[in-house]
Protein chains: 4
Amino acid sequence: MEFKNSKSIALQIADNLSERILNGAIEIESKIPSVRELAAEMGVNPNTIMRSYAELQSRNIISNQRGIGYFVNEDADKTIREWRKSEFFELQLPQFAHQMQLLDISFDELEKHISKYLSKHNNEN
Amino acid sequence: MEFKNSKSIALQIADNLSERILNGAIEIESKIPSVRELAAEMGVNPNTIMRSYAELQSRNIISNQRGIGYFVNEDADKTIREWRKSEFFELQLPQFAHQMQLLDISFDELEKHISKYLSKHNNEN
Amino acid sequence: MEFKNSKSIALQIADNLSERILNGAIEIESKIPSVRELAAEMGVNPNTIMRSYAELQSRNIISNQRGIGYFVNEDADKTIREWRKSEFFELQLPQFAHQMQLLDISFDELEKHISKYLSKHNNEN
Amino acid sequence: MEFKNSKSIALQIADNLSERILNGAIEIESKIPSVRELAAEMGVNPNTIMRSYAELQSRNIISNQRGIGYFVNEDADKTIREWRKSEFFELQLPQFAHQMQLLDISFDELEKHISKYLSKHNNEN
DNA sequence: GTGGTCTAGACCACC
DNA sequence: GTGGTCTAGACCACA
């Protein structure tokens with residue numbers, strides 16, 4: 001796996017796992033790879049994976065069973081969606097709307113650009 | 001002035017100055033405060049202001065006249081708007097559209113939230 | 001059975017068995033389930049049950065008859081009570097009193113909370 | 001500083017700092033020692049102190065100012081007291097009351113033991 | 001100077 | 001085997 005420089009590796013891995021849970025690549029209630037295993041797979045130090053897992057655990061997405069490993073929680077997909085939605089509406093949207101106002105961009109103009117982006121992106125898949 | 005922890009203070013100050021130029025609080029072609037002056041006013045290390053001014057200068061928003069100080073360029077407001085527009089359409093909008101798609105947010109929902117934000121923000125001014 | 005993460009599973013099971021002996025769910029001098037049986041019932045590794053039984057045996061609460069199984073000792077209930085009382089007065093109570101002092105909690109406030117707990121817990125049975 | 005084995009060193013240091021804030025040894029809104037400084041003072045690795053500070057920051061007891069250091073929050077003492085009280089009443093007290101019930105200890109008996117403990121402890125100071 | 005993150009390697013309790 | 005914690009040492013961005 002390759003990493004960007006803008007966010008910590010641990011958080012990028014946590015995001016990546018969330019994504020995999022959302023699209024079903026990792027199943028609800030299944031065991032996820034052990035710390036050491038995933039560390040080896042991703043070419044990263046086990047401590048880094050520990051921090052990823054700690055982050056996910058603090059968000060109630062995974063849980064630990066002593067001496068056995070980490071498991072995906074029952075409502076993990078719901079939890080992830082709620083968490084992302086609240087981040088979107090409370091953090092990203094206000095900044096975005098502020099920019100629109102400053103730059104004098106109308107909602108119609110925005111809609112046009114977004115649908116252009118979406119159609120382009122869907123054709124690639 | 002209070003600072004967030006997600007962005008460097010120098011860049012936050014540069015943004016703040018840009019905004020003040022856009023809304024006319026700082027006039028075109030006027031002299032802006034000296035590094036030391038602004039540093040004192042903002043309770044920040046002069047080195048930090050230096051980096052803010054360097055950032056603005058590299059974007060052709062202000063210019064330095066040796067021994068006199070920094071001045072706002074003639075087309076500063078236009079430059080700022082162009083710079084922000086390109087950032088908006090090339091960086092922020094794609095991320096935003098991607099999030100919308102992932103979270104399955106409709107245009108109607110988006111418009112509702114944005115207009116709510118705008119009306120709230122306009123009442124405050 | 002569900003387990004907390006703060007204490008080892010083996011000790012939690014030992015506590016659970018003690019509790020069941022105290023309230024009569026497991027009778028004095030009766031045979032308790034075999035290691036494998038209890039392990040299956042609790043969804044736990046047999047090694048873990050082994051450690052629970054070893055703990056109880058070291059406290060003279062159960063005894064092993066080779067090839068037959070583990071049996072509850074004659075004075076098990078008395079032994080458990082004594083063990084818990086000494087733990088209570090020598091370990092838990094001092095910490096508890098120390099906390100009360102630190103947090104400036106009065107006896108009246110304490111009594112109120114304890115009786116609330118007791119009445120709630122009695123209604124459930 | 002010497003450490004017990006029952007709790008992680010990082011958490012023991014966080015508790016220690018909380019205590020020092022409560023009793024005024026560390027003042028509200030003051031800067032606390034830098035990570036490296038405290039690490040040297042306590043004979044511990046800087047990473048360990050980092051975890052202590054992260055814990056305190058997540059509890060809104062201290063805050064970070066970029067490139068300068070950590071500072072004690074305005075209401076830190078209040079926050080610490082509230083946090084400890086909620087832990088006391090929600091975690092420790094129920095376990096304690098449960099033990100009292102099992103061991104058939106009356107509130108009068110409890111009060112007697114606690115006041116004995118307190119008087120003994122106060123004479124020592 | 002400050003914190004933040006990461007690696008490498010160790011040791012522990014627990015299952 | 002599992003996670004949890006700690007050390008030692010490095011590098012980075014930021015003030």
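1. Taking contact to mean heavy atoms within 4.5 Å, 30 residues of chain A are in contact with 30 residues of chain B. This is a predicted model, in which local features need pLDDT of at least 70 and side-chain atom pairs count only at pLDDT 80 or more, while totals for chains, interfaces and linings use all residues. Residues are numbered from 1 along each chain as its sequence is written, and side-chain values use heavy atoms, with hydrogens and water left out.

2. Chains A and B bury about 3,200 Å² between them, 75% of it on carbon and sulfur atoms; buried area here is the accessible area (1.4 Å probe) that two parts lose on being put together, summed over both. Of the area that chain A buries against chain B, Phe96(A), Leu103(A) and Phe107(A) supply 20%, more than any other three residues.

3. Between chain A and chain B the count is 0 salt bridges, a salt bridge being a side-chain nitrogen of Lys or Arg within 4 Å of a carboxyl oxygen of Asp or Glu. On the side of chain A that touches chain B, 17 residues, the largest share, come from H4(A).

4. Over all chains the count comes to 12 salt bridges, among them one between the side chains of Glu55(A) and Arg59(A) (2.6 Å, N to O). Glu55(A) counts as partly exposed because its relative accessibility is 21%, where partly exposed lies between buried (under 20% relative accessible area) and exposed (over 50%), with a 1.4 Å probe and protein chains only.

5. In chain C, Lys7(C) forms a salt bridge with Asp15(C), the closest N and O atoms being 2.6 Å apart.

Technical notes. Chains lettered and ligands numbered in written order. Helix = DSSP H or I, 4+ residues; strand = E, 2+ residues; numbered from the N terminus.
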